[in-house]
Every structure is written in structure tokens, then in C-alpha cells.
Amino acid sequence: MDLFFFVVFAVVAIGCGISVVLQTHPISSALSLVGVMGALAVLYLLLGAEFIAMAQVIVYAGAIMVLFIFVIMLLNSGGEVRAGRSVIVKVLGVPALAGFVVIIAWVFNSSFSELAQVHFGGFSDGSARSVGRAIFGPYLLPFEVTSVLILVAILGAVVLARKELD
Amino acid sequence: MLQGGGVPLSWVLILSAILFSLGVAGFLFRKNIITVFMSIELMLNAVNLSFVAFSYKLQQVNGHIFAFFVMVVAAAEAAVGLAIILTVFKNRSSLDIDDVSEMKN
């Protein structure tokens with residue numbers, strides 16, 4: 001049953017991922033990316049990461065993608081003109097990436113035996129409670145530094161957007 | 001084929017590698033600056049899947065914390081990046097990454 005759900009949502013994720021790359025219109029790419037993120041949220045649940053799955057849906061699929069779609073609508077850009085990248089990228093890109101995937105797959109297959117399996121419920125430490133204990137315990141300093149990062153990002157976005165208004 | 005009906009851990013990691021490669025492909029092949037940006041988000045998502053999978057393997061919550069931090073950085077990056085895209089579009093009325101080439105030599 002776990003395997004069935006994994007295969008279904010992995011296929012959805014890969015299909016939507018291919019669609020992100022192949023669609024010519026940005027809005028189609030953005031909606032495909034939402035599909036990838038939803039499928040990944042289900043896989044996070046399978047891996048026992050409840051908090052991360054919820055954060056994925058709320059922050060990624062909710063907030064970040066809405067920001068993307070706002071900008072796409074605001075700029076009202078049409079489909080992409082199909083023009084060539086450089087020849088090297090065209091010729092070598094796909095084979096190089098396929099080779100990368102094959103090598104990675106071989107490494108993972110040889111370093112993890114078939115017995116290292118993922119079961120739903122096999123890891124129950126991913127609740128908001130344990131994630132919160134880890135964040136406000138050993139990871140308190142990185143968490144506080146993160147708030148400064150967010151502040152800088154807000155200031156940067158405001159400054160850039162205001163310069164455009166003048 | 002598989003005993004126990006579970007998912008082999010390597011399959012999860014291979015899925016992560018495939019999604020990462022798709023992100024790299026989008027980054028290399030696409031010309032629309034917004035699509036390039038979305039490819040970066042796709043790569044970040046793939047890395048998050050790896051973090052969570054290793055967290056399951058090691059039975060520790062640390063990987064979840066890193067995935068959470070990656071999400072925060074992605075949100076900050078999206079806010080600043082999209083503001084930059086808005087400014088670039090106002091200045092040149094184009095979203096083609098090859099039109100923005102002042103820093104090339």
C-alpha cells in the first residue's frame with residue numbers, strides 16, 4: 001500500500017516537473033509547480049514529516065506560488081519565444097543530466113540495501129511538537145538569525161519596488 | 001519483488017535526484033526569467049525531499065529542521081527575486097534572460 005501511494009505520487013511529481021520545464025507559458029509552469037509541491041507534501045507525510053508537509057502546503061504552495069502568480073499576472077508576459085540557447089547547452093545538456101541521474105541511482109542502489117525501507121508510521125518524531133523542541137533547543141541561534149534574514153529580504157523587496165515607483 | 005510492501009529508501013532519493021535534474025534542465029534551457037526562477041524552486045524542493053528521507057533513515061528530526069530553513073530561505077529569495085524581476089521588466093519591457101547581459105564582459 002505504501003509502495004502504491006509512493007509510485008502514484010512520484011509519477012505525479014515527475015510528470016508535473018517535466019511539465020514545468022516544457023510548458024512555454026509561465027502560468028502553466030507555475031500551476032505544474034504547484035502540482036509538484038502537492039505531490040511532495042504527500043510524500044513528506046509518508047516519510048513521517050507532518051509539520052514539514054503542512055509547511056510545504058502553506059508556505060510553498062500557498063504563499064510562494066501565489067507571489068509567483070501575482071508577478072506573472074502583473075507583468076502579463078506572453079508565451080516564450082522559442083529561441084536557441086547556445087549549442088553546447090543544447091547538445092550536451094540532456095545527456096549530461098541523464099548521466100547524472102543514472103550515476104546517482106547506481107550509487108544509491110548500491111549503498112542502501114533493499115531492506116532499508118520506508119513505511120508509513122515508521123518515523124513518528126516529525127510532529128510540530130518535536131520540530132518545535134528542536135528549533136527552540138539546539139537550533140535556537142540559527143532560527144533567530146533566520147528572522148534577521150527575513151527582515152533583510154523584506155527591506156530589500158520594499159527598496160527595489162519603491163525605486164521602480166519613482 | 002519487494003518484501004514488506006514498503007518503499008525502498010533509494011527510490012525516494014532517486015526521485016529527489018530526478019526532480020533536481022529537471023530543475024537544472026529548466027534552469028539551463030528556459031529563457032523566461034520567471035520560469036528560470038521556478039526551476040530554482042524545483043531544485044530546492046528536491047533537496048528538501050532528500051533531507052526528509054535521510055531524517056527518516058537516521059530516525060532524527062534534524063533533517064526536518066534543515067528542510068524548514070530551506071523553505072524560509074526560499075521564501076526570502078522569492079520575495080527579493082521577484083522584486084528584481086519587476087524592476088528589470090520596468091526598465092527593459094522584456095523577460096528574456098539574454099536581454100540582461102550588461103555584466104557579460
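Predicted model: local features only at pLDDT ≥ 70, side-chain atom pairs only at ≥ 80, totals over all residues.
Student: At what angle do the axes of helix α2 of chain A and helix α2 of chain B cross?
Tutor: Roughly 5 degrees, and the axes come within 10 Å.

Student: Roughly parallel or roughly antiparallel, then?
Tutor: Angles under 35 degrees count as roughly parallel, so α2(A) and α2(B) are roughly parallel to each other.

Student: Which residues make that contact?
Tutor: From α2(A), they include L33(A), V36(A), M37(A) and L40(A). From α2(B), they include I34(B), M38(B), L42(B) and L49(B). By class, the contact has 13 nonpolar, 3 polar and 1 charged residues.

Student: Zooming out, how many residues does each chain give to the contact?
Tutor: Chain A gives 74 residues and chain B gives 60.

Student: Which element has the largest share on the side of chain B?
Tutor: α3(B), with 22 residues. That side of chain B has 43 nonpolar, 13 polar and 4 charged residues.

Student: What about strands? How do β1 of chain A and β1(B) run?
Tutor: Antiparallel, joined by 2 bridges. Within β1(B), P8(B) is the bridge partner of Q117(A).

Student: New topic. What is the phi of Q59(B)?
Tutor: It is near 55 degrees, a positive value in a residue other than glycine. Most residues other than glycine have a negative phi.

Student: Where is Q59(B)? Buried or exposed?
Tutor: Q59(B) is in the loop between α2 and α3 of chain B. Q59(B) has 11 other C-beta atoms within 10 Å, so it is exposed.

Student: Last one: how is chain A divided?
Tutor: Into domain 1 (2-78 + 85-125) and domain 2 (136-166). Their centres, taken over C-alpha atoms, are 26 Å apart.

Key
Residues numbered from 1 in each chain as written. Chains lettered and ligands numbered in written order. Domains from an automatic or database assignment. Axes fitted to C-alpha atoms, helices over the stretch in contact; angles between N-to-C directions. Helix = DSSP H or I, 4+ residues; strand = E, 2+ residues; numbered from the N terminus. Parallel < 35°, antiparallel > 145°, perpendicular 65-115°, else oblique. Contact = placed C-beta atoms within 7 Å. Nonpolar A, V, L, I, M, F, W, Y, C, P; charged D, E, K, R; others polar. Buried ≥ 20, exposed ≤ 12 C-beta atoms within 10 Å, placed from the backbone. Pairing = 2+ DSSP bridges.
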